[in-house]
Amino acid sequence: MYKFKFFVHCKGWKAGGYENVHFAETPKEAKKTVARWNEEAKERAKRLGEEVVDGLVDLLEITPITDEEFVEDYVYA
């Protein structure tokens, strides 16, 4: 299991957005998830006639974790 940290861009936010984490079974899956989120953000901006900024995601790191760490982060957080 892998935990991946990412930054979500939000115009108007003091820090320009926020960091968050999510989980994937492989690093490839984590990268595909971020790519999908970015495509969704671009499609949403196009529908709304806006410049694409909000919702774009930068992948910051991918870290392998144990099943126990996953349970602790995901289930009990």
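Start by selecting helix H1, residues 27–48: it lies across S1, S2 and S3 and runs at about 165 degrees to S3. Axes here are lines fitted to C-alpha atoms, for helices over the stretch in contact, and angles run from 0 to 180 degrees between N-to-C directions. Contact means heavy atoms within 4.5 Å.

This is a predicted model, in which local features need pLDDT of at least 70, side-chain atom pairs count only at pLDDT 80 or more, and totals for chains, interfaces and linings use all residues. Residues are numbered from 1 along each chain as its sequence is written, and side-chain values use heavy atoms, with hydrogens and water left out.

**Stop 1: Asn38**

Stay in helix H1 and pick Asn38. Is Asn38 buried or exposed? Asn38 counts as buried because its relative accessibility is 15%, and buried means under 20% relative accessible area, exposed over 50%, partly exposed in between (1.4 Å probe, protein chains only). Now show its neighbours. Leaving aside residues up to four places away in sequence, Asn38 touches Gly55, Leu56 and Val57.

**Stop 2: the sheet**

Select the 3 strands. They form an open sheet in the order S2-S1-S3, with antiparallel pairing. The edge strands are S2 (17–24) and S3 (57–64), and each pairs on one side only. From one strand to the next, the twist averages 20 degrees. Two strands pair if DSSP finds at least two bridges between them. Strands of a sheet pair through backbone hydrogen bonds, either parallel or antiparallel.

Next, colour strand S1, residues 2–9, together with S3: they pair in the antiparallel sense over 7 bridges. Which residue of S3 is the bridge partner of Tyr2? Pick Pro64 in S3; Pro64 is that partner.

**Stop 3: the whole chain**

Zoom out. The protein has 2 helices and 3 strands. From the N terminus on, the elements run β-β-α-β-α. Helices (H or I, at least four residues) and strands (E, at least two) are DSSP runs, numbered from the N terminus.

The C-alpha trace spans about 45 × 25 × 20 Å along its principal axes. Of the 77 residues, 25% are buried. Take the contacts between residues at least 6 apart in sequence: 54% of them join residues at least 24 apart.

Finally, colour by charge. There are 12 positive and 16 negative side chains, and the centres of the two sets lie 7 Å apart. Lys and Arg count as positive and Asp and Glu as negative; His and the chain ends are not counted. Each charge is placed at NZ of Lys, CZ of Arg, CG of Asp or CD of Glu.
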